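Here's a walk through one structure, starting with how its strands pair and ending with its aromatic rings. Keep the 3D view open as you read.

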Amino acid sequence: MLSFVRDDAGFYQFGTCTITANQAGNEKFNAAKEVSANIDVNATAKRDQTVTFLTDLTALVGQTVALSAKLNTGLTLTFTSYPVEVCEVTGNNITYKAEGMCTVVVKNAGDNYNNPVEKNFEIKVMSKGVFSLLFADDQTNPIYQAIEGESLKIGLTFKANSIDANKNAKFYLKIAAGSTALMLTPNGLVPATDPLQMLTSLALPADQTTLLLYSGPLPAGKYRVYTAYQTDDGKKEEAISIFTVKAKQTVTFTNLPTSVKAGDKVDLTLTGGASNNPIELTSATVDICSVQNKTVTFVAEGNCILEATQAGNEAVTNASARGVISVKSSGVFSLSVTDWLKAITQATDADNLKINLTFKAPADDVGKTATFYLTASTATTKLMFANGNWVAATNPLQTAASSVLPKDAITLYLFAGTLGAGKYTISAKYQIGDRVVEATSVLNIITKAYAGAYATGKMMSNSDVYATAYATAIAAGKSYTYASTYAKAKENGAFDGDAHRLAVIADAASEATSSGTTSSGLTGSQEAERLIQNAVIYEFVVLKKMKGSIPLIK
């Protein structure tokens with residue numbers, strides 16, 4: 001007989017699952033022959049893949065490094081790069097050839113279970129020398145590519161050889177894109193000549209210097225930027241860098257609704273830019289709306305925030321757009337807690353409450369039978385209302401009520417009675433088939449003793465920590481003086497033993513003062529507060545249990 005220690009199997013990933021069974025022998029029987037079976041794990045919908053790029057995003061000219069990235073599915077990635085003047089991929093290795101911005105494209109075509117994925121990652125390639133071109137934005141932050149129409153700065157960082165220091169040198173700058181070449185002169189950018197016209201001249205300093213060569217916008221294009229200086233005696237230094245000015249690419253929502261109802265679905269249409277790369281759509285508020293491809297499902301009331309992105313390429317920028325859709329409740333569906341006269345958000349554990357649900361069913365639901373549920377949750381407890389009582393919540397929830405949904409708005413009384421102390425989130429919902437409509441309300445229930453003491457000014461704080469400790473002490477039959485001091489010590493971070501000890505001391509001090517053994521004229525609780533400041537006196541009171549005349553600190 002063949003048996004399994006476990007006869008269930010969990011399938012965690014798409015593909016072929018091989019299950020192998022074997023059984024050991026004993027003194028009478030040989031071991032059973034091992035057998036295997038293959039199970040094809042399929043999915044009803046393909047899942048998205050996530051790329052993690054593990055390669056450094058800065059590099060130096062001349063380096064060759066291995067590219068590293070991984071997919072959450074474990075499938076194989078391929079790498080390409082552009083522009084070839086800056087970097088070049090061979091297999092999984094990349095060589096950095098010139099200064100500029102290198103874009104690495106990471107791809108996987110997907111399979112029967114996973115969607116294709118393509119992501120671009122940009123690597124800054126920097127010069128190793130002391131004669132190099134610098135590119136910066138208007139705030140002088142270094143950049144390795146720019147956007148058409150934006151102002152940029154081109155500078156030259158250099159340090160002259162010691163034999164050239166203080167020699168006069170002429171500086172040149174040439175910018176070429178395709179068949180168009182420009183040179184920078186004192187009169188601005190003009191068509192390049194051969195030889196180039198001089199931009200400026202100066203005596204070469206001995207220390208490293210950065211010289212601003214150009215400031216302004218450039219048209220979109222991939223530029224080969226050449227700069228050089230030449231001394232009067234023919235000494236020459238030059239640097240070349242590849243710099244891209246990209247055209248701006250945009251993504252646009254073409255049919256974005258301004259308002260929908262919970263439960264609706266919308267197929268969105270988006271237009272992108274010249275890269276022709278796929279547009280990815282995700283939800284930034286998954287509790288309000290979810291996205292599958294370009295279909296958005298609205299699951300709850302609130303603002304649905306959608307993020308659309310499109311990867312750029314060598315010529316155009318990455319693009320992104322945000323869409324916001326207001327999601328309304330399906331019909332009228334609101335929850336309120338009242339004291340039978342008005343809506344409330346706070347009550348005591350002795351108050352008689354009423355929980356009401358006011359709703360008007362959407363047209364599609366009118367005449368259908370709906371199942372209603374009611375829960376009350378704190379940070380540690382979840383209750384459900386079933387069979388006329390609050391009980392621990394189960395999964396699935398038990399029914400609080402059921403009703404045929406009318407055409408007109410009605411108010412359904414779900415509960416009348418008391419609740420124990422705690423901070424509650426009250427949730428009511430009705431369900432028809434797979435569709436759920438829900439409303440919530442917040443309610444803070446405090447103990448009656450807590451409420452009474454606070455109302456009469458016997459408590460020193462209204463924080464949650466203080467309130468819990470105070471209510472615990474009152475419930476245990478302690479005095480107001482004990483409860484106030486104990487709760488204040490707990491609020492201030494005293495250890496349990498210290499909090500109890502201070503409370504006992506305050507109780508004793510209060511009894512002594514209330515019996516007329518002090519002439520200070522202070523109340524017992526005020527006297528206790530003073531006594532707590534003097535360790536010698538309260539040790540004397542507690543340990544020796546003296547209730548007579550107490551030497552008070554003035």
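Predicted model: local features only at pLDDT ≥ 70, side-chain atom pairs only at ≥ 80, totals over all residues.

Let's start with two strands. Strand 4 runs alongside strand 11 (residues 117-126) in the parallel sense, and three bridges hold that pairing in the count.

Four strands make up an open sheet in the order 4-11-10-7, and the pairing is mixed. As a reminder, strands of a sheet pair through backbone hydrogen bonds, and they do that either parallel or antiparallel. Which strands stand at the edges? Those are strand 4 (58-60) and strand 7 (78-82); each has a single partner strand, so one side of each has no neighbour in the sheet. On average, neighbouring strands here are turned by 30 degrees against each other, if you ignore direction.

On to the aromatic rings. Counting rings of Phe, Tyr and Trp whose centres lie within 6.5 Å, you get eleven aromatic pairs. Take F385 and F415: their ring centres are 5.1 Å apart and the planes sit at 75 degrees, so this pair is edge-to-face, the cut-off for that label being over 60 degrees. This pair also links distant parts of the chain, with F385 in strand 35 (residues 382-386) and F415 in strand 38 (residues 410-417), 30 residues apart. Are these two buried or exposed? Both F385 and F415 are buried.

One last stop: F131, F158, F171 and Y229 are joined by ring pairs into a cluster.

Note on methods: Residues numbered from 1 in each chain as written. Heavy atoms only, no water. Phe/Tyr/Trp six-rings, centres within 6.5 Å; stacked < 30°, edge-to-face > 60°. Buried < 20%, exposed > 50% of the residue type's maximum accessible area, 1.4 Å probe, protein only. Pairing = 2+ DSSP bridges. Axes fitted to C-alpha atoms, helices over the stretch in contact; angles between N-to-C directions.
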